[in-house]
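Hi there,

Here is the structure I promised to pass on. Have a look at it first, and then read my notes below.

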Amino acid sequence: GIALGRVADNQLFSYMEGNRALERLGRPKVELLSAGVWGWSRHPNYLGEITWWTSFALFSVAVGEWYMLGGTAFNTLVLSIVAGMTEERMLMN
């Protein structure tokens, strides 16, 4: 999960830097990042974080602390809401 989030963030940074360079050259920007892990998922950085926390939750269940699933469920809910807000903002630009 952490590795996926790291790769996704690095690819997003490169995409943003590439678009800044294109803008400086007066060329059109790339509208959508669809290469690398961004071709698999619309929000791979969030997917990586959810995977990370889910692994902790599953470990907790394995040692008998099933109530720890609540934190992962809450985190997933928050990230889903944030992803929706991000999509709305992107559609406005």
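This is a predicted model, and the chain averages a pLDDT of 90, with 99% of the residues scoring at least 70. Within the chain, confidence is highest in helix 1 (residues 2-24), at 94, and lowest in helix 3, at a mean of 87.

Let's begin with helix 1, where Asn 19 lies. Is Asn 19 buried or exposed? Its relative accessibility is 8%, and because buried means under 20%, Asn 19 counts as buried. Leaving aside residues up to four places away in sequence, Asn 19 touches Lys 29 and Val 30. Gly 64 is another matter: 45 residues separate it from Asn 19 along the chain, and the C-alpha atoms of the two are 49 Å apart.

Now for helix 3, which covers residues 69-92. Its 24 residues should span 34 Å at 1.5 Å a residue, and the end C-alpha atoms are 35 Å apart, so the two values agree. Which residues of helix 3 are buried? They are Thr 72, Asn 75, Leu 79 and Ala 83, and what covers them includes helix 2 (44-62).

Leu 77 also lies in helix 3, but it counts as partly exposed because its relative accessibility is 48%. Together with Phe 74, Val 78, Ile 81, Val 82 and Met 85, Leu 77 forms a nonpolar patch on the surface, and the accessible area of these residues together is about 550 Å².

Happy to go through any of this with you.

Best wishes

Technical notes: Residues numbered from 1 in each chain as written. Predicted model: local features only at pLDDT ≥ 70, side-chain atom pairs only at ≥ 80, totals over all residues. Heavy atoms only, no water. Helix = DSSP H or I, 4+ residues; strand = E, 2+ residues; numbered from the N terminus. Expected span 1.5 Å × (residues − 1). Buried < 20%, exposed > 50% of the residue type's maximum accessible area, 1.4 Å probe, protein only. Contact = heavy atoms within 4.5 Å. Patch = residues over 30% accessible without salt bridge, like charges linked within 9 Å, V, L, I, M, F, W, Y side chains within 5 Å. Areas by Shrake-Rupley, 256 points an atom, 1.4 Å probe, with all protein chains shown as cover. Salt bridge = Lys/Arg side-chain N within 4 Å of Asp/Glu carboxyl O. pLDDT = per-residue confidence, 0-100.
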